[in-house]
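Open your viewer and get ready to select residues by number. Follow the stops in order.

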Amino acid sequence: MVATGAATSASATGTTEPTFEDGLAQPVFAEDDVIREDYWVETPLDTDGTGEPDRVHVEIARPASTESEDLELPVVMEPSPYYGEDQPAYGYPSDEELYEPDKPGRDLDESVDARSRKVYDDYSHLAEFTGRKGPNIGPEKFEEELLQCGFIWAYPASIGTEQSTGCPDVGGPDEIAGIKAVIDWLNGRADAYDLREGGETVEATWTTGKTGMLGISYNGTLANGVATTGVDGLEAIIPMVAISNWYDYYRANGHVGSTLDMGGLFDFIMSRENGERCDPARDAVEQNQDRTTGNYNDWWHERNYLPDVENVDCGVLVCHGIYDFNVETSNAAKLVDELRAHDKPYKVWLHQEGHGDFLRFGRHVETWIDMMNQWFTYWLFGVDNGVMDESTAVIERENDELVEYADWPDPDAEHVDVTFEPGGRSTGGLSLETPTGQPVTESLVDDPGTGLQTHADAEESEHRLRYLTDPLEEDLRVSGTVFPELTLSFDEPAANVSAALVAYDEDGNAEIVNRGWMNPQNRKSPSETFALHPPDRPYHLEFDLQATDRVFEAGTRLGIMLASTDPGKGMMQPPETRVEITLDLNRSSVRIPVVGGESALEAALSN
């Protein structure tokens, strides 16, 4: 059928106009030549201290009909800090000692210059989706699919990158303001020029001003950040495996969890000419990221978009990989939680892979392209195609089938308390029973060089504790976030705590479903560090694992594994000594979000 409420092809006049069938914009511009132009949008910033406003370079790709037929079309922007040439990526040694607040001689005001750094030979994976390969930025894969359907494409390069002026602040308010200025220009509220310096002003006469944004990873992160400004003219975004809170990307409840960190990322993306002008900006990132304590601070708060979701005035289609161990799923889950809490229009698509989207993994490609088309057709062309009447969540299940749900996490999921039964150095139990009797404790010794998968595979180990259910009698779906609530004591004043949700198949093979971490020095707040007092004082820790959605098949054993330093979290900083951690089983539990609640778990465990 032909959708109503929008223009259709005007064959009687011989002109090319947007055409819609079954709620989708059709590729009527496929035969058009593509006009590709370069403009520089003036921003209200002067981040490099030149006395002149920073300018954002934006490459525009539009059908020739917008020139020959005086046609106005909406714009989809794919912003990025990665369009410039790759730069050396500087990181930090993985053996930096975990901070101890009471340790003599540890100086919180240590010089940035004194912090050791090293060059990493290859961080190309950071730009694997968007790296520039020629004199033009585009066409990227999304442009190739959607420009022919009547969506003008725009590639803004973040300030301080590629041909833009200014200096990056890595996810901060300046970077977001620079991209926002492009939307202002598309809507007549900012100036653009035909040269990087000087030049003549140019107007975007070929657009309606209605703008969408999309992108994978950092590119989608920029869409999240700009959306929370509430800028007029931004109608829809599709953030894919994107960050909603930079602290949750490089930190974990007080942990410094990456050898790259924001300083290294600054070095990688800062690709403008005369880069030395950005040395003060680089120093500010180095200082404020605080690799010493790992605490959340005002600088990190500026890079947390979640508190500003109330300002979002556009439709948000969140796409994420359930097994994305780069941008972890909490970034998607917490964004969805805030969108739901503020009654914003959103949808969620989850797939069974890691860092990427459906196009990258080759399954449901046409379905995903149609979804993006449908999303932008509704929000940018105003076609009433029913997209907002469809199910809120679409999840690719373990058998590759796409299944629709009312929401994500599933509204029928309820957190169920499970408790630990002794035997964790080999295999303890997970139970619905409340512990009784004398206190029972079990301990593990930190092993910073061994990853969680190795711990999960070990039949017995002093370096981890694992607790499993009996084999499930029927399928069981977990949807949402697992929360360990642990009573632990430590024999050293600094320690790491890691936890994982693990699935064991009928042959005993382990698969880590998701993970979580906590620095017990941040037990009261991610913003404050409090010393541990060994050896016998117990501490009650509550923290979150990454969100998930998993159907555990009958025969599977559901497991919770506890360890200390996780080298898989970007080479987490180890403590100076190999700490021993003791778990009080009677005063510890884990809350698991089970679809159907406790009765569903009881049924799955019945013998």
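This is a predicted model: local features need pLDDT of at least 70, side-chain atom pairs count only at pLDDT 80 or more; totals for chains, interfaces and linings use all residues.

**Stop one: a strand and its neighbours**

Now show strand S5, residues 73-77, and strand S11, residues 207-216. The two run parallel, joined by four bridges. Pick out Val 75; opposite, in S8, stands Ile 152. Is S5 mostly covered or mostly open? It is mostly covered: five of its five residues are buried.

**Stop two: aromatic rings**

The structure holds 22 aromatic pairs. Select Trp 246 and Tyr 250. Their ring centres are 6.4 Å apart and their planes are at 20°, so this pair is stacked. Both residues belong to helix H5, residues 246-250, and are four residues apart, about one helical turn. Trp 246 counts as buried, at 1% relative accessibility. Tyr 250 is buried as well, at 2%.

Move on to Trp 375 and Trp 379. Here the centres are 5.8 Å apart and the planes are at 55°, so the pair is tilted. Both lie in helix H11, residues 365-381, about one turn apart. Trp 375 is buried at 0%. Trp 379 is at 18%, which counts as buried because the cut-off is under 20%.

**Stop three: arginines over rings**

Select Arg 55. It lies over the face of Tyr 193, 3.9 Å from the ring centre. Finish at Arg 303, which lies over the face of Trp 299, at 3.8 Å from the ring centre.

Methods
Residues are numbered from 1 along each chain as its sequence is written. Side-chain values use heavy atoms; hydrogens and water are left out. Buried means under 20% relative accessible area, exposed over 50%, partly exposed in between (1.4 Å probe, protein chains only). Two strands pair if DSSP finds at least two bridges between them. Rings of Phe, Tyr and Trp (its six-membered ring) pair if their centres lie within 6.5 Å; planes under 30 degrees apart count as stacked, over 60 as edge-to-face and the rest as tilted. A charge sits over a ring if NZ of Lys or CZ of Arg is within 6 Å of the ring centre and within 35 degrees of the ring normal.
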